[in-house]
Amino acid sequence: MKKVIQIFCIFFLVVKTVSAQYINKQWVFGYEYEPDYKVGMNCIDFNDHKIEVYPYDYQDDVIFMAFSSAFINDNEGKIALLSDNCSIYDKELHFIEGGEKMHDNDFSHEYCKDHIHFYVISKSNIFFPYIKEKDHYFQLYKDVYATDVKLVSSNIMLNKIGFNSQNKLAIQSHDTIDDKRYQSIAIINPTLNKNKDAWWIFNLGGDTNEYSAYLLNDNKLDTMHKQKIGRKINERSITVNGSIFSPDNKTMIQLINGIGLQVFDFDDATGMFSNAREIKVRIDTFKYWSFGMCYSPNSRFVYVGTGGSDEDPPYLNYLYQIDLWDNSVEQLATFYQSDETGWDVGIGSISRGPDCRLYVSPGSTSHWMHVIHYPDEEGVACGFQPMAIDLPYRVGKVLPNFMQGGSECDPTYEWPFALATQTPVEELLTDINMSPNPGRDIVFLNSEKIQPSLWTLDLYNMNGKLMKLMKGINSYITQIDISDLSAAVYIYKVSDRDGRLLKVGRLIKI
């Protein structure tokens, strides 16, 4: 009996070690250091059960943490490694041994230069931990081969990173998994197997639906099987996102140009996909370009952010929530605003935090970040708050890639920033507003240019509870009694008679 308990404890410690390493609690992202232009490295820190935002202490004149960049934390929840997909750095932004040059081809030479490191292909680079060995890491990444008509990967590569004789992080081995086989740059995220003792790695051939599966543990990489399933994908099919696995490891999704989502069921014991299906979402590689895709912590919802086109004044960006229980799609919000310097603020990439919130980049070079407070809640109750965090420095369209697998997160973090009491701008789809705002007992829903026709108003508190419901709104000005509500910030949603979302805004009761 004692031996069984010891074995269980060892297994428990191994799993806890893996979990601790891929729940990253310190995020670093931004640009090379130019303080006069509000450019530098940001840090969001979730350590010590707090959420803090501050400039990252170590600045360099080269690194660019966006698009195909990546980072990973150590067991203490602090930055261990960073990569801009040109080089690999330690936490002080110094090259690690063997990490100065990740690629050796003509395409990379155009992006990885002395004065800028900016490798363009998004989500094609990621760190993840060894299963057992403390502070040892894998790095999986793809190179890029460009022709006049194609932009694809020709190799998928794996680095093993540990410590050298000076006790500094160094590349210990470098291997090519798939060599000279053109691939769509779609599969780059590993996921744990059912026993939590190895990583599943997948690769997809270019213009095919053939997935190669590999199983990686601390000592070896095994080729497992090939499987043809779903839609054939080529470089014109994909958006700027990779493919991601759900926190419960039961599904995998991809964004497909002109289609929306391709969804597979996933068996983490065998590494096999099944039940391929498609969910229609407005995504177009050249107009409604998607920068953001992320699961909710409960694996039920997928959030997708897209840009708009010049047909959508004023270049509105869109946020969708896809319910995998019934394959329904809801447009949660639209957003577009210029910040005080004239840079656009849209909807960019989406990352899941250890506090169970989703963090959304501005989709442009601005210092604002959006937040989805309650991503496990359906519809507007998810609490999307635009321009929720004012960062020290500017952010790229896409946040760095990092491990977000697993369902572990802690919803008890207190939110340290203003809950939209003075959001810089309302998110507008039409000229609809609530006034006075802040209001005390009576407020008015105003529609200045569009005649309401059987509209519906839903009013939620910040915990996602429906507080008021009004149907059949037909007047340009509609009176709303809020005297029975407590002083707080509320979210209101206005929909037309067909249920299409017209406006999401915030009402402050004083």
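Contact here means heavy atoms within 4.5 Å, and pLDDT is the predictor's confidence in each residue, from 0 to 100. The structure is a predicted model, in which local features need pLDDT of at least 70 and side-chain atom pairs count only at pLDDT 80 or more, whereas totals for chains, interfaces and linings use all residues. Residues are numbered from 1 along each chain as its sequence is written, and side-chain values use heavy atoms, with hydrogens and water left out.

The protein has a mean pLDDT of 84, with 88% of its residues at 70 or more. Helices (H or I, at least four residues) and strands (E, at least two) are DSSP runs, numbered from the N terminus. Confidence is lowest in helix α1 (residues 2-22), with a mean of 43, and highest in strand β19 (residues 272-280), at 97. Over residues 1-21 pLDDT stays under 50, and the model has 18 contacts beyond four places in sequence for this stretch. Residues 420-429 also fall below 50, with 34 contacts beyond near neighbours in sequence.

Strand β18 (residues 260-267) is largely enclosed by the rest of the structure, because six of its eight residues are buried (under 20% relative accessible area, 1.4 Å probe, protein chains only). Strands pair if DSSP finds at least two bridges between them. Strand β17 (residues 251-256) pairs with β18 in the antiparallel sense over six bridges, with isoleucine 253 opposite valine 263 in β18. Three residues separate these strands in their hairpin, where glycine 258 takes a positive phi near 80 degrees.

β18 also pairs with β19, in the antiparallel sense over seven bridges; aspartate 267 stands opposite methionine 272 in β19. The hairpin of β18 and β19 has four residues between the strands, and glycine 271 in the turn has a positive phi of about 75 degrees.

Notes: Buried means under 20% relative accessible area, exposed over 50%, partly exposed in between (1.4 Å probe, protein chains only).
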